Amino acid sequence: MAVQARSRRLLILGICCMSLLIVGLDNTIVNIAVPAIGRDLRAPLSGLQWTIDAYTLVLASLLLMAGSTADRVGRRRTFQTGLVVFSIGSLLCGLAPSLGWLIAFRVVQAIGGSMLNPVAMSIITNVFTDRRERARAVGVWAGAVGISMALGPVVGGLLVQTTGWRTIFWINVPIGIAAVVLTALFVPESRAPRPRRVDLPGQAIVLVLLASATYAIIEHEPVAGVVALVALAALLLVEPRRPEPLVDIRLFRSPPFSGATSIAVAAFGALAGFLLLNTLYLQEVRGFSPLHAGLLTLPIAAITVVLGPLSGRLVGASGPRASLLVGGAGIAVSGLLLTALTPHTPMVLVLAAYVSFGIGFAMVNPPITVTAVSGLPIAQAGVAAAFASTSRQFGSVLGIAVLGAVITTGLQGRPMPTGFSPASHAGWWIIAGCGAVILAIGTLTTGRWATSRQPDAELVDA
């Protein structure tokens with residue numbers, strides 16, 4: 001019976017990982033298709049940024065509500081609903097006749113995707129009740145997310161070159177259908193004993209904050225920046241007064257929890273920016289095909305496949321510090337290697353940067369979720385996972401918005417083939433800075449003093 005129970009738990013873990021595969025892929029698979037989508041739909045770089053950020057922006061905005069909603073109405077039900085909506089959105093994206101419709105359908109995808117990440121984590125943490133086994137399962141889950149995101153450029157390059165960019169969205173549909181069926185057959189329904197109330201004012205403020213900040217960066221609109229600052233002030237004033245806030249400011253009294261969310265923003269901002277810059281460099285400057293460009297980033301995917309699960313095991317055995325330090329160093333070195341990039345930089349140096357980034361990202365991703373989940377009681381696992389996932393998506397939004405804006409500003413009207421390389425230098429320094437931030441925060445928030453200051457269950461659950 002014990003063997004059967006363990007096999008069933010592992011099957012549920014596999015279902016959750018398979019479902020998250022499509023969400024992770026969609027975060028990065030579009031990057032490799034950016035030039036093809038731009039040519040086909042005659043879209044400028046800022047418009048192409050929105051095809052990526054419309055998805056990650058809505059995803060980041062709704063994850064917190066999705067986690068608490070699933071705790072209330074049922075995790076399996078919410079998970080299946082998300083799979084259906086995501087699959088429909090993917091189908092529509094592949095049929096989009098224009099850039100505007102593509103962005104709109106990406107929003108539909110994101111609404112469905114927001115119901116998957118935090119809910120899957122909540123399912124996992126409630127199925128794996130042993131603390132050590134749960135840590136390993138969370139590590140595998142986090143590794144699967146990282147693997148799927150790293151595989152995106154390779155899979156995307158193959159599909160764009162062989163069948164066209166629309167199939168990068170259609171590939172999600174059969175996986176989504178299979179996941180719905182498997183979830184119905186094997187995943188048990190569960191709810192939190194005391195679910196949190198829906199905080200509509202908090203949700204509205206978060207959406208306005210993220211949308212206005214992203215618009216201000218991509219479109220260089222100062223008014224939107226002012227709106228973002230007002231929304232941030234409103235968040236800090238309103239949420240502490242809510243009985244069950246969407247964003248519980250008290251959680252950030254815990255250095256490990258605050259560190260995990262900050263590291264997630266830095267790591268995924270670096271990933272999104274790194275993939276965007278390399279897609280433009282390899283295809284627009286070096287003239288490689290989408291497939292060739294995707295294959296050149298294979299070291300990132302391959303290293304993530306190998307080291308991601310190992311990092312999860314390391315975290316489960318000895319804590320997050322070692323993984324975070326190695327991860328931060330790898331990301332920092334990858335950015336530094338490309339700060340003098342030219343159209344004729346030897347590919348050996350470029351590939352060395354890819355290897356370094358792969359090592360860094362593979363090591364840094366699993367500790368994020370483990371640390372965030374450990375900061376909340378088990379009954380609020382959906383909220384904990386939602387915070388970690390929101391931080392990841394917000395980092396991706398910032399990475400695309402900031403580094404896309406850096407390139408647009410740096411080009412100064414020059415054509416991409418000749419102007420990209422010098423325009424990208426500031427972007428590589430930003431990526432190196434993200435690695436340095438991970439090193440610093442990882443050191444500060446994983447020591448004995450930091451771990452002793454985690455909020456207790458009564459405070460968080462009050």
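**Close-up views of a predicted model**

The structure holds zero disulfides, a disulfide being a pair of cysteine sulfur atoms within 2.5 Å. This is a predicted model, in which local features need pLDDT of at least 70 and side-chain atom pairs count only at pLDDT 80 or more, while totals for chains, interfaces and linings use all residues. Residues are numbered from 1 along each chain as its sequence is written, and side-chain values use heavy atoms, with hydrogens and water left out.

**View A. Cys16 and Cys17.** A disulfide is a covalent bond between the sulfur atoms of two cysteines. The closest cysteine sulfur to that of Cys16 belongs to Cys17, and at 6.9 Å it is too far for a bond. Cys16 is buried, with a relative accessible area of 0% (buried means under 20%, exposed over 50%, partly exposed in between, using a 1.4 Å probe and protein chains only). Cys17 is also buried, at 14%.

**View B. Thr445 in a loop.** Thr445 sits between helix H17 (416–444) and helix H18 (448–451); helices are DSSP runs of H or I with at least four residues, numbered from the N terminus. The side chain of Thr445 reaches the backbone oxygen of Ile441 at 2.7 Å. Thr445 counts as buried because its relative accessibility is 13%.

**View C. Phe394 in helix H16.** Helix H16 (residues 381–411) contains Phe394, which is partly exposed at 25% relative accessibility. Leaving aside residues up to four places away in sequence, Phe394 touches Ala60, Leu210 and Val265, where contact means heavy atoms within 4.5 Å. Thr163 is 231 residues from Phe394 along the chain, and their C-alpha atoms are separated by 31 Å.

Terms used: Helices (H or I, at least four residues) and strands (E, at least two) are DSSP runs, numbered from the N terminus. A polar contact is a pair of N or O atoms within 3.5 Å; within protein, one must be able to donate a hydrogen and the other to accept it, and residues adjacent in sequence count only if both atoms are side-chain atoms.
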